Amino acid sequence: MTSANHNEAQDSLASELLATAEALEAAAREPAAAGVAGYDVRVRIRDGETPVFGPGRLTLLRAIDATGSISAAARRMNMSYRRAWLLVEAMNHEFREPLVMRHIGGVSGGGAQLTPFAQNLVAHYDTLIKEIRSLIDAHVPTFDAYLKRGANVAPDDA
């Protein structure tokens with residue numbers, strides 16, 4: 001397989017993972033009641049035009065952190081080990097420092113853990129999402145007023 005084909009295959013797998021993670025995230029959220037505006041926030045960090053971090057990779061890192069294992073994280077997310085491993089490899093090469101440290105198996109078995117660099121990245125990403133949600137929350141009443149079954153006030157008064 002050529003390098004270009006390998007990169008395309010990795011991008012395709014990453015896109016599939018992202019779509020799966022987004023579907024799981026959306027299903028876990030409580031839907032807004034009729035007449036109440038709701039919203040979705042999906043922030044993807046890019047390096048130029050290449051997405052390098054977002055909800056899918058965040059979900060994988062959290063699963064690795066929770067389980068201490070790439071394979072257990074993959075099982076938890078209903079994805080193949082190979083797919084999870086390729087995403088970890090991609091993340092470890094796309095950032096200035098590795099995000100996941102792997103430990104080779106032995107008597108106690110292998111494992112994986114997030115590096116302090118990854119923990120810091122996740123914390124900053126979480127802060128960004130919270131700040132964006134807070135900003136949007138302040139505007140939701142205005143959009144409620146535009147909805148047919150929304151608050152019975154003029155949008156400019158909401």
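User: In this predicted model, what counts as a helix or a strand, and which pattern does the chain follow along the sequence?

Analyst: Helices are DSSP runs of H or I with at least four residues, and strands are DSSP runs of E with at least two, numbered from the N terminus. The model is predicted. Its chain comes to 6 helices and 4 strands. Read along the sequence, these elements give the pattern α-β-β-α-α-α-β-β-α-α.

User: How many bridges join strand β1 to strand β2?

Analyst: Strand β1 covers residues 45-47 and strand β2 covers residues 50-53. The two strands run antiparallel. One of the pairings is that of D47 with T50 in β2. The number of bridges joining the strands is 3.

User: Which residue in the hairpin of β1 and β2 takes a positive phi?

Analyst: The hairpin has 2 residues between its strands. The positive phi is near 70°, and the residue that takes it is G48.

User: Is the aromatic pair of F53 and F95 stacked or edge-to-face?

Analyst: The structure holds 3 aromatic pairs. In the pair of F53 and F95, the centres are 6.3 Å apart and the planes make an angle of 85°. Planes over 60 degrees apart count as edge-to-face. The pair is therefore edge-to-face.

User: How many residues apart in sequence are the parts that the pair of F53 and F95 ties together?

Analyst: F53 lies in strand β2, whereas F95 lies in the loop between α4 (81-94) and β3 (100-103). The pair therefore ties together parts whose separation in sequence is 42 residues.

User: Is F95 buried or exposed?

Analyst: A residue is buried if its relative accessible area is under 20%. F95 has a relative accessible area of 17%, so F95 is buried.

User: What is the angle between the planes of F143 and Y146?

Analyst: F143 and Y146 are 3 residues apart in helix α6 (residues 140-146), so about one helical turn separates them. Y146 counts as exposed, at 55% relative accessibility. The two rings form a tilted pair, 6.4 Å centre to centre, and the angle between the planes is 40°.

User: What distance does α4 reach from its first C-alpha to its last?

Analyst: Helix α4 has 14 residues. Several of its residues are buried, including L86, L87 and V88. At 1.5 Å a residue the expected span is 20 Å, and the distance that α4 reaches is close to this, at 20 Å.

Conventions. Residues numbered from 1 in each chain as written. Predicted model: local features only at pLDDT ≥ 70, side-chain atom pairs only at ≥ 80, totals over all residues. Heavy atoms only, no water. Pairing = 2+ DSSP bridges. Phe/Tyr/Trp six-rings, centres within 6.5 Å; stacked < 30°, edge-to-face > 60°. Buried < 20%, exposed > 50% of the residue type's maximum accessible area, 1.4 Å probe, protein only. Expected span 1.5 Å × (residues − 1).
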